[in-house]
Amino acid sequence: MSGSSACDLCDNPVPAHREGPFCSAGCRSVAETLPEPTADAEPRPADDAPDGTTSTFFAVDGMHSATCEAYLEAVACGIDGVVDADASYVTESVRVDCDGEPPIERLTEALSGLGYDATLREERDPGSAVDTDGGVVNGALGYRYAAGVVFATFLLIPYAVVFYPSHLAALLGFADPLGGDASVTTVVPVFLVLTFVVIVVTGAPVLRDAYIAIVLRKPNTGLLVTLTAIAAYLFGLAGYFAGIFGAYYDLAVVAVAGVTGATFYESLAKRNAASALTDLTVSRVEEATRETAAGTETVPVEHLEPDDRVLVPEGERVPVDGTLAEGECTVDEAVVTGESTPVRKQAGDDLIGGSVVTTGAATMTVGDDVRSSVDRLAASVWGFQSAAHGGQRRANRIAERVAPPLIAVAVLVGVGAFALSGGRVAVGIVGLLTTFIAASPWALGFATPLSAGSSVARALDRGVAVFDETTFERLRGVETVVFDKTGTLTTGKMEVLDQDAPADLLAAAAELERRASHPAAAAIVDAFGSDDAPAIESFTSHPTGVEGVVDGRRVLVGNPDLFAERGWSVPDAVQGRAIEARESGRLPVLVGEDGEATGIVIVGDEARTDWEATLERLADRGLDVVVLTGDDESAAAEFAASPHVTHVFAGVPPAGKSAAVGRLRAAGPVAMVGDGTNDAPALAAADLGISLGSGTALAAEASDLAVLDDRLDGVAAAFDCSAESYGRRRWNDRTALLYNVVAIPLAVAGLLNPLLTMGAAVLCCGLIAGNSFR
């Protein structure tokens with residue numbers, strides 16, 4: 001089959017030497033084992049935008065509900081030239097498809113309204129909003145918290161001193177201590193103004209949610225809180241002009257300040273979780289060294305054009321995809337392919353952008369698509385993320401059911417009170433406002449973010465960074481857990497696993513390898529290097545090894561092919577050990593002197609000590625366990641033999657991993673566990689992505705949660721956190737209705753009093769907070 005055809009599974013080009021419709025044995029195995037996904041089982045990635053359109057990705061701070069998704073999609077689609085938009089509050093991202101050149105400035109400005117803050121996705125700094133030392137969230141929400149919530153709390157103290165004695169007297173049937181006191185008339189306007197400031201400034205996020213709910217005609221908890229706060233405020237305002245001082249200012253303050261404070265706490269918990277991974281770096285190259293007629297020049301990568309010749313020194317990353325123009329080199333492609341052992345390249349071979357030239361400098365020719373594979377992986381991740389819509393919060397679903405009848409009942413009560421009072425407008429208004437004060441389940445707006453924030457914070461305490469509380473909900477539905485191998489089930493670090501060679505020869509080999517940049521070289525140096533090192537008289541680097549004269553004898557270190565090229569003899573015993581090592585997925589490194597291989601060092605990345613126990617715990621939960629790897633079958637044989645593993649697919653490229661996850665999703669929700677950049681599209685394509693703390697930033701960005709301490713048992717701990725979160729949220733949502741259980745009967749009996757109302761609010765919020773932080 002021609003190398004120009006595309007793989008039936010992952011759309012990668014099929015190499016010319018392969019027969020059939022698949023680019024690799026791994027893709028063939030996936031296609032033959034797993035059924036094709038249904039049309040709605042796999043999210044549409046970015047590159048599937050309609051022909052002639054350009055996809056632009058925005059990161060938008062301030063999104064926290066499905067209501068935000070719908071609003072931002074509507075705003076984006078209202079801009080000329082925009083043909084489609086997808087928003088996800090789970091990943092705080094918006095993808096906009098435009099017909100032609102996207103209007104970046106107009107889109108950024110439009111998406112930044114109402115307290116949202118939009119920036120281009122590639123320009124986002126994940127740590128810019130977090131001060132990890134001081135624990136302060138910057139931005140508008142942080143300022144509202146500092147200037148509003150704290151101020152509102154202190155405002156309640158003089159309010160209680162002034163008004164609560166009067167409320168208590170009315171409750172007990174005593175004379176009102178404020179009655180006839182003219183000084184009160186000068187105090188009430190102060191509370192009137194300060195309460196208004198708290199509602200507008202501190203409660204701005206709540207008011208925004210209410211506004212969006214009205215615009216979209218989709219009630220949410222923000223609307224319930226706003227109705228309660230405004231009703232409480234208007235009750236006090238009307239009472240002031242009527243000469244009645246039984247105001248509910250305190251309820252208005254507690255509702256908006258409490259909900260804003262809980263939202264701030266949720267935001268802080270999420271940002272703390274995200275900041276735990278900000279020291280990771282994605283494998284991108286900003287500049288490249290381009291050959292010109294006059295020599296060389298350093299240019300930004302975006303200025304490269306097809307067929308440019310670029311120099312890549314040893315130890316540096318390939319900036320974009322292309323081909324090796326001349327000579328030979330060895331390249332570590334693990335960041336993109338997942339292959340744990342470096343690959344030897346010759347003139348004409350493909351070079352993958354983001355890979356590292358480990359031995360020998362490379363002169364490459366830029367390909368037709370001037371991007372690196374890492375850039376394409378990032379675009380794929382962002383496309384999957386923008387399609388990962390957040391599930392509608394349970395509290396908002398309650399709000400959608402409650403708000404319409406609540407408004408209808410309030411109007412009926414107001415009209416009824418007006419009619420029964422003989423047409424007294426004031427009585428009708430009191431009935432209307434009292435209904436909102438007593439019957440609105442506004443405490444759901446407090447319980448929801450507090451439950452989410454406490455769940456995120458508790459998970460972080462256990463070494464699991466969760467970036468959105470819906471992660472816990474999705475985790476409970478997972479049926480299959482997919483593991484990458486390299487760096488996930490294995491340590492990802494090359495180590496000497498075995499050796500059979502003279503000690504003096506190993507010491508000489510370590511000194512030669514100290515001058516190389518191959519990952520196996522570092523492992524050999526760590527194992528056999530010493531301060532009392534032999535003298536090196538000459539050194540030569542080869543694409544697959546090193547050579548030199550050490551203490552008067554010529555030493556060669558490298559793979560068996562290098563020994564064959566150099567004409568050095570390899571005894572059958574050494575050759576047999578090398579074959580066995582390769583078949584078991586290890587890397588054999590031969591060492592020899594004066595024309596003959598006299599020993600062998602076996603290098604590889606060992607399986608993590610806790611891999612089997614973790615897989616057993618997951619299997620005991622009734623979960624299917626699948627292993628995906630870019631390595632060959634021999635490297636995955638140990639995991640294939642485990643009774644806890646359902647399937648093992650080896651030799652699968654990154655795009656094939658995403659396709660495999662899509663097929664697995666056809667049978668039920670899937671969680672993907674990985675650590676590398678090459679895993680990122682699969683992490684994003686899964687219903688839930690889990691990255692390890694040793695992984696790259698792109699992997700962390702694509703995932704929904706990360707295990708910070710780099711231990712596999714953290715994956716099982718995440719399932720434990722999910723169960724705890726579910727119980728906490730259900731208890732808090734039910735407790736939030738306790739306020740209404742107390743207030744509604746009092747209102748029906750005509751006994752509703754600001755003091756009793758405040759008591760119900762404090763009891764309700766106190767129990768919610770206690771359950772959240774216990």
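Lys657 counts as buried, at 0% relative accessibility. Here buried means under 20% relative accessible area, exposed over 50%, and partly exposed in between (1.4 Å probe, protein chains only). This is a predicted model: local features need pLDDT of at least 70, side-chain atom pairs count only at pLDDT 80 or more, and totals for chains, interfaces and linings use all residues. Residues are numbered from 1 along each chain as its sequence is written, and side-chain values use heavy atoms, with hydrogens and water left out.

What does Lys657 form a salt bridge with? The partner is Asp484, and the closest N and O atoms are 3.0 Å apart. A salt bridge is a side-chain nitrogen of Lys or Arg within 4 Å of a carboxyl oxygen of Asp or Glu. Asp484 lies in strand E17 (residues 480–484) and Lys657 in helix H22 (residues 654–665), so the pair ties together parts that are 173 residues apart in sequence. Helices (H or I, at least four residues) and strands (E, at least two) are DSSP runs, numbered from the N terminus. Asp484 is buried too, with a relative accessible area of 2%.

The structure holds 21 salt bridges. One of them joins the side chains of Asp308 and Arg290, at 3.1 Å from N to O. Asp308 sits in the loop between strand E8 (295–300) and strand E9 (309–312), while Arg290 is in strand E7 (residues 287–292), 18 residues apart. Both Asp308 and Arg290 are buried. Glu297 joins them in a network of salt bridges.

Asp720 and Arg617 meet in another salt bridge (3.5 Å, N to O). This pair links helix H25 (residues 713–736), which holds Asp720, to helix H20 (residues 611–620), which holds Arg617, 103 residues apart. Asp720 is partly exposed at 22% relative accessibility. Arg617 is partly exposed at 37%.

Now turn to the nonpolar interior. A nonpolar core is a set of buried Ala, Val, Leu, Ile, Met, Phe, Trp, Tyr and Cys residues joined through side-chain atoms within 4.5 Å. The largest has 61 residues, and Tyr249, Leu251, Ile437, Trp442 and Tyr739 have the most contacts inside it. Helix H8 (residues 249–275) gives the most to this core, with 10 residues. Apart from it lies another core, of 30 residues, among them Val481, Val645, Ile690 and Leu692.

Contact means heavy atoms within 4.5 Å. Beyond neighbours within four places in sequence, Trp442 is in contact with residues including Leu224, Val225, Leu251, Tyr739 and Cys765.

Asn559 lies in the loop between strand E21 (553–558) and helix H18 (560–565). It counts as buried, at 16% relative accessibility. A polar atom of the Asn559 side chain lies 3.1 Å from the backbone nitrogen of Asp561. The Asn559 side chain also reaches the backbone nitrogen of Leu562, at 3.0 Å. Leaving out residues up to four places away in sequence, Asn559 touches Thr544, Arg582 and Pro588.

Two backbone details remain. Asp594, which is not a glycine, has a positive phi of about 50 degrees. Its place is the loop between strand E22 (587–593) and strand E23 (596–604). Asp594 is exposed, with a relative accessible area of 57%. Asp11 has a positive phi of about 70 degrees, and it is not a glycine either. Asp11 is found in the segment before helix H1 (25–33), and is exposed at 58% relative accessible area.

Methods
A polar contact is a pair of N or O atoms within 3.5 Å; within protein, one must be able to donate a hydrogen and the other to accept it, and residues adjacent in sequence count only if both atoms are side-chain atoms.
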